[in-house]
Amino acid sequence: MSSAVILETIMYICFGASWPMSINRSYKSRSTKGKSLMFMCFIGFGYLCGIGAKLITGTFNLAFYVLVLNIVLVSTDIGLYFRNKKIEAAEEAKQAIETVEAAEEIGEAVANAEAVGAIEEAVAEHLD
């Protein structure tokens, strides 16, 4: 294996080393905060271009397999991004429903208070 291939492989390993941590964070946090879908897509596109170059040249060395691993990791993080988007949307919908229900309860309480007030007025007029 040439020193150029070794250096290229080390470069891809360094680029890919952060993806397991990012995947873990995405999985545990169930949030898209701090994530950029566009960034992940650009990185994934770059890896795909690297894989394409290796396929065109027929260079199936260690760097090729590290590129394949990196695209799998990026794709996993992108998948988790969409999962987390759904989770966030469901939580927002739940909060909206709770807000509407609370508003309805307040409305009912106000209506009941007004009804009680009207009854008290009627009783007071009748007693006078």
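1. Ala-93 is partly exposed, with a relative accessible area of 39%, where buried stands for under 20% relative accessible area, exposed for over 50% and partly exposed for what lies in between (1.4 Å probe, protein chains only). Ala-93 has its place in helix H4; helices here are DSSP runs of H or I with at least four residues, strands are runs of E with at least two, and both are numbered from the N terminus. The C-alpha atoms of Ala-93 and Met-38 are separated by 25 Å, the two residues being 55 apart along the chain.

2. On the basis of these remarks: the model is predicted, so that local features need pLDDT of at least 70 and side-chain atom pairs count only at pLDDT 80 or more, while totals for chains, interfaces and linings use all residues. Residues are numbered from 1 along each chain as its sequence is written, and side-chain values use heavy atoms, with hydrogens and water left out.

3. On the core, the largest nonpolar core has 16 residues, and those with the most contacts inside it are Tyr-12, Trp-19, Met-40, Tyr-47, Ile-51, Leu-67 and Val-74. Such a core is a set of buried Ala, Val, Leu, Ile, Met, Phe, Trp, Tyr and Cys residues joined through side-chain atoms within 4.5 Å. At least two residues of this core are supplied by each of helix H2 (19-29), helix H3 (37-57) and helix H4 (62-127), and H4 gives the most, with 10 residues. In soluble globular proteins, nonpolar side chains tend to be buried together.

4. Two residues deserve a look for their contacts (heavy atoms within 4.5 Å). Not counting residues up to four places away in sequence, Tyr-12 touches Ala-63, Val-66, Leu-67 and Asn-70. Gly-44, found in helix H3, counts as buried at 6% relative accessibility and, leaving aside its neighbours within four places in sequence, is in contact with Ile-71 and Val-74.

5. Ile-13 is found in helix H1 and is partly exposed, with a relative accessible area of 46%. Although Ile-13 and Val-66 are 53 residues apart along the chain, their C-alpha atoms are separated by 6.6 Å.

6. A search of the whole structure finds 3 aromatic pairs, a pair being two rings of Phe, Tyr or Trp (its six-membered ring) with centres within 6.5 Å, counted as stacked when the planes are under 30 degrees apart, edge-to-face when over 60 and tilted for the rest. Phe-60 and Phe-64 form an edge-to-face pair, at 5.0 Å centre to centre and 90° between the planes. Phe-64 and Tyr-65 have ring centres 5.1 Å apart and planes at 85°, so this pair is edge-to-face. Phe-60, Phe-64 and Tyr-65 form one aromatic cluster, in which Phe-64 is buried at 9% relative accessible area, whereas Phe-60 counts as partly exposed at 45% and Tyr-65 counts as partly exposed at 49%.

7. The largest pocket has a volume of about 220 Å³, and 17 residues line it, of which Phe-15, Trp-19, Phe-39, Ile-43 and Tyr-47 lie nearest its centre. On a 1 Å grid over the protein atoms alone, a pocket is an open set of points with protein on both sides within 12 Å along at least five of seven lines, a cavity is a set where a 1.4 Å probe fits but cannot get out, and lining residues have an atom within 4 Å of a point. Grid points are joined across faces, edges and corners, and the volume is the space filled by probe spheres set on the points. Helix H1 (3-16), H2, H3 and H4 are the elements that give two or more residues to the lining, and the largest share, 7 residues, comes from H3. The lining divides into 9 nonpolar, 6 polar and 2 charged residues, where Ala, Val, Leu, Ile, Met, Phe, Trp, Tyr, Cys and Pro count as nonpolar, Asp, Glu, Lys and Arg as charged, and the others, Gly among them, as polar.

8. Phi of Arg-30 is near 55°, a positive value in a residue other than glycine, and Arg-30 counts as partly exposed at 43% relative accessibility.
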